[in-house]
Amino acid sequence: MSGKRNFLHHLHPPQVCRRTLEPLATLGLGIACLTCMAVLLVTGATLFLYYVPAPEHAYERILHISTTLHYGDLIRNLHFVAANALIILIFTHLARVFWTAAYKGRYLNWCYGLVLLGLVLFGNFTGYLLPWDQRAYWAIKVGASLAEYFPGIGAGLKRFLLGGTDIGPETLLRSFAFHAGFVPLLLVVFTSLHLWRIRKDGGLAAPPEAHKIRLPAAPWLYRAEGAAALLTLGTLLVLALFIDAPLDERADPSHPPNPAKAPWYFVGFQEMVGYSAFIGGVLAPTLLLVFFLAAPLIDRSRSHGGVWFSRDRLWLNLGFLVVLAGQIVFIVIGQWLRGKNWELVWPF
């Protein structure tokens with residue numbers, strides 16, 4: 001118990017601003033993301049024991065996990081729900097940090113956050129193929145094809161993702177190695193760096209006047225973080241009881257579905273590629289990356305970090321809102337309003 005307490009003391013400053021404990025200050029999104037990661041590591045380690053990364057066995061092993069193992073279906077559902085929730089939560093966390101300008105004076109930690117976002121997306125992408133069913137096979141085929149649009153490195157990047165020129169045993173083995181080995185390790189490393197920088201920066205960003213009212217981290221911060229973690233865990237468990245991790249028919253490379261869609265978090269780019277390969281496959285991803293990296297550097301507003309929607313940051317906040325809303329609109333169109341031959345359909 002003493003060791004655990006000392007560990008928590010190292011993670012947190014002795015005292016914290018009272019304002020940062022208010023639910024609306026952070027929305028508990030960082031703790032929610034950490035809880036999802038913990039759930040993914042635990043459930044992923046369990047699934048790891050029964051999975052075989054080979055095309056002739058992968059689909060049957062997923063069926064075995066889902067239908068034969070005690071609580072195997074629940075564990076797989078929980079892994080699926082936590083993975084998708086983490087994508088939504090980490091984007092929401094990014095939006096919270098941006099709209100409160102919490103990156104001010106913390107550019108390195110902002111970059112750590114962007115690396116974590118990339119790792120979460122890559123971890124989901126590499127895990128998508130593992131069931132080796134029709135949905136996963138063709139989604140990864142489309143997703144890897146999107147990478148081909150990057151000038152200069154596109155063809156090499158696609159070969160790197162697939163382990164060759166097309167999806168095969170090497171792709172499955174490579175996806176499993178990334179998903180179960182490299183990505184979790186890098187997530188732990190960069191999450192540790194992210195938390196360490198928060199600790200070094202004196203806790204969460206807050207305006208100077210908020211630092212006048214401080215409370216000891218124990219027990220107030222621990223209770224707030226525990227409540228956010230329990231709420232997230234409870235929500236994930238309830239969702240896992242009602243949402244089944246998808247599993248279609250076994251992958252058949254000779255029968256593509258119509259339409260074949262990328263994983264939902266990349267289908268917005270697929271939709272843009274439908275209008276223009278250059279805009280959707282090259283220009284939009286490049287501009288998004290430049291915007292996220294450069295926004296803290298070009299922010300010359302005088303307001304302090306930790307304040308929601310400061311008026312002197314109106315144009316930057318609007319720019320982020322346009323970027324976010326645009327991606328959501330393209331995802332909705334690509335995911336629910338596209339039918340056969342990528343034609344627009346009404347879903348109701």
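Thr171 is found in helix H9; helices here are DSSP runs of H or I with at least four residues, strands are runs of E with at least two, and both are numbered from the N terminus. With a relative accessible area of 1%, Thr171 is buried, a word that stands for under 20% relative accessible area, while exposed means over 50% and partly exposed anything in between (1.4 Å probe, protein chains only). Leaving aside neighbours within four places in sequence, Thr171 is in contact with Leu129, Leu161, Leu162 and Asp166, where contact means heavy atoms within 4.5 Å.

Before we go on, a word on the model. It is predicted, so local features need pLDDT of at least 70 and side-chain atom pairs count only at pLDDT 80 or more, whereas totals for chains, interfaces and linings use all residues. Residues are numbered from 1 along each chain as its sequence is written, and side-chain values use heavy atoms, with hydrogens and water left out.

The structure holds 22 aromatic pairs; rings of Phe, Tyr and Trp (its six-membered ring) pair if their centres lie within 6.5 Å, and planes under 30 degrees apart count as stacked, over 60 as edge-to-face and the rest as tilted. One of these pairs is formed by Tyr51 and Phe176, which are tilted, with 5.5 Å centre to centre and 35° between the planes. Tyr51 lies in the loop between helix H3 (29–48) and helix H4 (55–67) and Phe176 in helix H9 (residues 169–200), so this pair ties together parts that are 125 residues apart in sequence. Both Tyr51 and Phe176 are buried.

Another tilted pair is that of Phe160 and Phe178, at 5.5 Å centre to centre with 55° between the planes. Phe160 sits in helix H8 (residues 154–162) and Phe178 in helix H9, 18 residues apart, and the pair links distant parts of the chain. Phe160 counts as partly exposed because its relative accessibility is 42%, and Phe178 counts as buried because its value is 15%.

Rings meet charges as well. The charged end of Arg197 sits over the ring of Trp196, 5.3 Å from its centre, and Arg223 lies over the face of Trp220, at 5.5 Å from the ring centre. For such an arrangement, NZ of Lys or CZ of Arg must be within 6 Å of the ring centre and within 35 degrees of the ring normal.

Now follow the aromatic rings to Phe98. One aromatic cluster is formed by Phe98, Trp99, Tyr103, Trp110, Phe291, Phe292, Trp308, Phe309 and Phe320. Not counting residues up to four places away in sequence, Phe98 touches Tyr103, Trp110, Phe291, Ala295, Arg313, Leu316, Asn317 and Phe320. Phe98 is also among the residues with the most contacts inside the largest nonpolar core, together with Trp110, Trp132, Leu236 and Phe266; this core has 73 residues. A nonpolar core is a set of buried Ala, Val, Leu, Ile, Met, Phe, Trp, Tyr and Cys residues joined through side-chain atoms within 4.5 Å. Helix H5 (residues 72–99) supplies the largest share of this core, 14 residues.

Phe309, a member of the aromatic cluster, has a positive phi near 50° although it is a residue other than glycine. Phe309 is found in the loop between helix H12 (277–298) and helix H13 (314–336), and at 48% relative accessibility it counts as partly exposed. Ser301 belongs to the loop between H12 and H13 as well, but at 16% relative accessibility Ser301 counts as buried. Its contacts, leaving aside neighbours within four places in sequence, are Lys104, Asp312 and Arg313. Trp342, in the segment after H13, has a positive phi of about 60° although it is not a glycine.

The bond from Ala218 to Pro219 is cis, with omega near 10°, and Pro219 lies in helix H10 (residues 217–242). A cis peptide bond also joins Asn258 and Pro259, with omega about 5°; Pro259 is found in the loop between H10 and helix H11 (267–275).
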